[in-house]
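Hi everyone, thanks for coming.

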Amino acid sequence: MDLIKTIEEQQKKPNAECFGVGDTVKVHFEIIEGKTKRIQIYEGLVICFKNSGISKTFTVRKISYGVGVERVFPLNSPRIIKVEIVRLGKVRRSKIYYVRDKVGKAAKIKELLGPKANAKLAAAKAINAAADQREAQINAEHKAEEAAAANSKK
């Protein structure tokens with residue numbers, strides 16, 4: 001049992017959970033299509049966290065062309081480059097599934113303002129600084145692959 005826990009601790013991302021339920025976030029995650037890699041951004045409202053430890057997941061909900069779309073992300077996944085906070089939400093529940101039934105203005109979550117919010121945003125920006133470098137590296141690799149493909153077609 002100890003061996004499993006030590007392996008899980010090695011694979012956990014440090015400071016991965018810098019956001020909470022009710023926050024609007026942009027999840028930058030890496031997609032591999034054949035030989036190419038690219039970063040896709042999924043922006044939406046965090047409606048819940050589930051499980052614990054290495055298997056912890058969070059669900060992000062967005063409205064796309066009038067239809068609600070939810071996606072579950074593993075918190076400690078190596079494919080997730082970074083989670084950028086857009087707005088801090090002010091909620092009093094740990095799972096806000098009731099947002100699924102709301103439409104339009106009623107589906108909005110109040111924004112958290114003040115010194116606590118500013119401190120939380122500053123901490124999140126500091127955590128994402130290293131992730132920005134990794135994202136830039138992946139984008140540079142992708143552009144190099146596209147240039148190589150364009151040169152081979154000529």
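In total, that gives the protein two helices and five strands. Please keep in mind as we go that this is a predicted model.

Now for the overall dimensions. Laid along the principal axes, the C-alpha atoms fill a box of roughly 55 × 50 × 30 Å. The protein has 154 residues, and buried ones make up 31% of them.

What about charge? There are 31 positive side chains and 17 negative ones.

Next, the pockets. The largest pocket has a volume of about 360 Å³. Which residues lie nearest its centre? They are Ile 63, Val 99, Gly 104, Ala 107 and Lys 108, out of 17 residues that line the largest pocket. Looking at the elements behind that lining, β2, which covers 36-50, and β3, which covers 57-64, each supply at least two residues. The largest share comes from β3, with three residues.

I'd also like to show you two spots in the backbone. Please find Asn 51, in the loop between β2 and β3. Asn 51 is not a glycine, and yet its phi is positive, at about 65°. Is Asn 51 buried or exposed? With a relative accessible area of 54%, Asn 51 is exposed, since the cut-off for that word is over 50%.

Now move along to the loop between β3 and β4, where β4 covers 67-74, and you will find Tyr 65. Here again we have a residue that is not a glycine but has a positive phi, this time of about 55°. Tyr 65 is exposed too, and its relative accessible area is 84%.

So, to recap the places to look at on the screen: the largest pocket, with β3 giving the largest share of its lining, then Asn 51 in the loop between β2 and β3, and Tyr 65 in the loop between β3 and β4.

Terms used:
Residues numbered from 1 in each chain as written. Predicted model: local features only at pLDDT ≥ 70, side-chain atom pairs only at ≥ 80, totals over all residues. Heavy atoms only, no water. Helix = DSSP H or I, 4+ residues; strand = E, 2+ residues; numbered from the N terminus. Buried < 20%, exposed > 50% of the residue type's maximum accessible area, 1.4 Å probe, protein only. Lys, Arg positive; Asp, Glu negative; His and termini not counted. Charge placed at Lys NZ, Arg CZ, Asp CG, Glu CD. 1 Å grid on protein atoms, 1.4 Å probe; cavity = no way out; pocket = protein on both sides within 12 Å on 5 of 7 lines; lining within 4 Å. Points joined across faces, edges and corners; volume = space filled by probe spheres on them.
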